[in-house]
Amino acid sequence: MIPNATTVKIGADVAVQTATDAPSRTYKIDFDAGRVGGFCDSTEAMKQAIYKILQTERFEFLIYSWNYGIELNAVVGKSYHVFSSEIKRVITEALLADSRITGVTDFKVGQIDKRTARVSFTAETIFGEIPVERTVTTNV
């Protein structure tokens, strides 16, 4: 369709949509069953987005922008002390690339055994706080 002069107004006010105004409705993914079915919104959509960001290695897949994912390979395999200090930065950088996430707080990193660590934190989003807990194998 070609716009006509009556619908296009140069200099008209443009409404800017912020992240809080943008809809968050997306397809619901059942990661355990490996299926996509239905929809989710708000907090449930943010939990899914956080999970996907933390499971996607940055720069590894051409389908994603360079701003999407986590650089986990840079810290996995390091000593526990290096891992525990760097994992906070890596997770924070990965999650703050999403404009709906406003902060990452309450980091706790604990060593389970020589090769495994438990990382927990709270992701502050426009929909509220979301607690996250993951186990990471450090391969040392």
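Before I get to the helices, a quick word on terms: contact here means heavy atoms within 4.5 Å, and axes are lines fitted to C-alpha atoms, for helices over the stretch in contact, with angles running from 0 to 180 degrees between N-to-C directions. Also, keep in mind that this is a predicted model.

So, helix H1, residues 42-55, lies across S3, S4 and S5, and runs at about 30 degrees to S5. Then there's helix H2, residues 80-96, which also lies across S3, S4 and S5. The angle quoted for H2 is about 155 degrees, and that one is to S3.

Now the sheet they sit on. It's an open sheet of 3 strands in the order S3-S4-S5, with antiparallel pairing. On the edges you've got S3, 101-113, and S5, 128-137, each pairing on one side only. On average, neighbouring strands are turned by 15 degrees against each other, ignoring direction. If you zoom in on S4, residues 116-125, you'll find 10 bridges to S5, in the antiparallel sense. To get your bearings there, look for Ser-120, which stands opposite Glu-133 in S5.

Okay, over to you for questions.

How values were computed. Residues are numbered from 1 along each chain as its sequence is written. This is a predicted model: local features need pLDDT of at least 70, side-chain atom pairs count only at pLDDT 80 or more; totals for chains, interfaces and linings use all residues. Side-chain values use heavy atoms; hydrogens and water are left out. Two strands pair if DSSP finds at least two bridges between them. Helices (H or I, at least four residues) and strands (E, at least two) are DSSP runs, numbered from the N terminus.
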